[in-house]
Amino acid sequence: MDKVLFGDNQFFAVNHISDEKSRAQSIRFKEDSAIIKVLDQAIESGINTFMCTTHDRIANICEHMRQNPAKYAHFNVYPCMPYAHKYANAVTELGIMGTIKQYVPGNIFGTFAKGGLAFFSKDFSKLMELLVDAEMKMFKGINTPVIFLQNVLIDMILGLKMYEVFADYDAYIRKKYNAEPGYITMNMPALVDALHSVGISNPVICSSINKIGFRMSGGQEIYEKYLKEKQFRAIAMQVLAAGALRPKEAIEYLGTLPNIESVLFGASSKGNIDETKGLIEKYVG
């Protein structure tokens, strides 16, 4: 994986501290062209990987990339699924059956047979396969070398102790999409242990890692211990602790830790992109 990963929170009005900033971002990125402009600025700065949710508007960004293959030939996208708000909104507008018809891929009868098996046998792994296939439709023809499950699912599976679902996900992503499976969590230590328990070695795990323990379940000390002692490929996210830390201070801290392979960040301007990328390259790894 690249050391520097560019995220999408700023495009979809996600700010964990400031509602005012969220509203401003929502207005600024109302048009897809504004998102594409910032992505192109990231590429100009030497960033080659975009880690994004499966928000409906990402489909438009992918279509733009398909229409400009030379420009994005070496650009990677790391999909992160599911985008929970999308499904919640669709159920409200379309109902459960309407949502299934809109998002379930492939032959409807074959899909319902597969889905029926999942529902009647409570086979979460089959449900997971349906979910992945539905979400991956928008990325057809796009380089997707790593495919992530979001923490909304990962942490639920952790809580239910259904660790075999992780093994099934790992196998499915490798076989169906020839990609590396990735995992996003708010409880990195518990996930590392769960994945190792079902034979998944050296997994790609994205979790909050920052100087003040923001969204680090179990506390900062155990995260630092696992980074030193366990085998996995760590992606640090929420490194600025939703704006509580300045970039230099935050990234200098990451530089004191072992085993951080990549850093995920979002930015809205070329200046901030260049500054953060430079700090990551200077201090991390």
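1. Basis. The model is predicted: local features need pLDDT of at least 70 and side-chain atom pairs count only at pLDDT 80 or more, while totals for chains, interfaces and linings use all residues. Residues are numbered from 1 along each chain as its sequence is written, and side-chain values use heavy atoms, with hydrogens and water left out.

2. Salt bridges overall. A search of the whole structure gives 13 salt bridges, a salt bridge being a side-chain nitrogen of Lys or Arg within 4 Å of a carboxyl oxygen of Asp or Glu. Side chains of opposite charge can pair when their charged atoms come close.

3. Asp32 and Arg57. These two form a salt bridge, with the closest N and O atoms 2.9 Å apart. The pair links distant parts of the chain, 25 residues apart: Asp32 is in helix α2 (residues 32–44) and Arg57 in helix α3 (residues 56–67). Helices (H or I, at least four residues) and strands (E, at least two) are DSSP runs, numbered from the N terminus. Asp32 is partly exposed at 22% relative accessible area, whereas Arg57 is buried at 18%. Buried means under 20% relative accessible area, exposed over 50%, and partly exposed in between (1.4 Å probe, protein chains only).

4. Surroundings of Arg57. Not counting residues up to four places away in sequence, Arg57 touches Phe11, Phe12, Phe29, Lys30, Glu31, Asp32 and Ile35; contact means heavy atoms within 4.5 Å.

5. Glu180 and Arg233. Their closest N and O atoms are 2.7 Å apart in a salt bridge. Glu180 belongs to strand β5 (residues 180–185) and Arg233 to strand β7 (residues 233–237), so the pair ties together parts 53 residues apart in sequence. Arg233 counts as buried, at 18% relative accessibility.

6. Lys211 and Glu249. This salt bridge has an N to O distance of 3.2 Å. Lys211 lies in the loop between β6 (204–208) and α10 (220–229), and Glu249 in helix α11 (residues 247–254), so parts 38 residues apart in sequence are tied together. Lys211 is partly exposed at 36%, and Glu249 is partly exposed at 32%. As for shared partners, salt bridges join Asp170, Arg174, Glu180 and Arg233 into one network.

7. Nonpolar cores. The largest nonpolar core has 72 residues, and Phe6, Phe11, Leu39, Phe139, Phe166, Leu254 and Ile260 have the most contacts inside it. A second, separate core of 13 residues includes Leu5, Ile184, Cys206 and Met237. A nonpolar core is a set of buried Ala, Val, Leu, Ile, Met, Phe, Trp, Tyr and Cys residues joined through side-chain atoms within 4.5 Å.
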